[in-house]
Amino acid sequence: MTLRELLNTNDRFAAVNGVQLTEVREGYVRAEMTVTKDHLNAGGVCQGGALFTLGDLAFAAMMNSHGKLTFGIDNTISFLHSAKEGDVLTAEGTEVLNHHKIPYCEVKITNQEGRLICAMSGMAYRKDAPMPFEGLM
């Protein structure tokens, strides 16, 4: 099973919320989510937790793309614009520092028009244990 398949299947919270990885390379990832009425908060825009879930799945794939089990230890998200029902959101993440123990990355979430909805940065802890997958895509 590839890393993409593993996370798309086994990250149940992301899956039930409509978040899917579309591209995974070592140190780079893309994930997508279409905003539905179930993602909306009381103000009628996409709930911050839904946006964080999209960014977090991208973060997880990128950090684990080197084959070692890696867990997030710090994430910051800045909400810059609202997303609305029907928006197709794309999270694109790049690894900034591939440290052997504490890697760092950045994720940008945009809508179908290329508008920056939020920006996320995070650090992780890389364990000395394998992440069981066969290939990235």
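Visitor: Which strand does isoleucine 73 lie in?
Guide: Isoleucine 73 falls within residues 68–79, the stretch that makes up strand β3. Helices (H or I, at least four residues) and strands (E, at least two) are DSSP runs, numbered from the N terminus. This is a predicted model: local features need pLDDT of at least 70, side-chain atom pairs count only at pLDDT 80 or more, and totals for chains, interfaces and linings use all residues. Residues are numbered from 1 along each chain as its sequence is written, side-chain values use heavy atoms without hydrogens or water, and the strand you asked for is β3.

Visitor: Why does isoleucine 73 count as partly exposed?
Guide: Buried means under 20% relative accessible area and exposed over 50%, with partly exposed in between (1.4 Å probe, protein chains only). Isoleucine 73 counts as partly exposed because its relative accessibility is 48%.

Visitor: How do helices α1 and α3 pack, and at what angle?
Guide: Helix α1 covers residues 3–10 and helix α3 residues 48–64. Leu3, Leu7 and Asn8 of α1 meet Leu57, Ala60, Ala61 and Asn64 of α3, where contact means heavy atoms within 4.5 Å. Axes are lines fitted to C-alpha atoms, for helices over the stretch in contact, and angles run from 0 to 180 degrees between N-to-C directions. The two axes lie 11 Å apart, at an angle of about 145°.

Visitor: Is asparagine 64 buried or exposed?
Guide: Asparagine 64 belongs to helix α3. Leaving out residues up to four places away in sequence, asparagine 64 touches Leu3, Leu69, Thr70, Met131 and Phe133. Its relative accessibility is 3%, so asparagine 64 counts as buried.

Visitor: Which residue does aspartate 128 pair with in a salt bridge?
Guide: A salt bridge here is a side-chain nitrogen of Lys or Arg within 4 Å of a carboxyl oxygen of Asp or Glu. Aspartate 128 is exposed at 65% relative accessibility. Its side chain meets its partner at 2.9 Å, N to O. Aspartate 128 is in strand β6 (residues 116–130) and the partner in strand β3, so the pair ties together parts 60 residues apart in sequence, the partner being lysine 68.

Visitor: What is the N to O distance between glutamate 95 and arginine 126?
Guide: Arginine 126 is buried, with a relative accessible area of 5%. Glutamate 95 forms a salt bridge with arginine 126, and the closest N and O atoms are apart by 3.8 Å.

Visitor: How many salt bridges does the count come to?
Guide: Arginine 25 and glutamate 23 also meet through their side chains in a salt bridge, at 2.8 Å, N to O. By this rule, the count of salt bridges is four.
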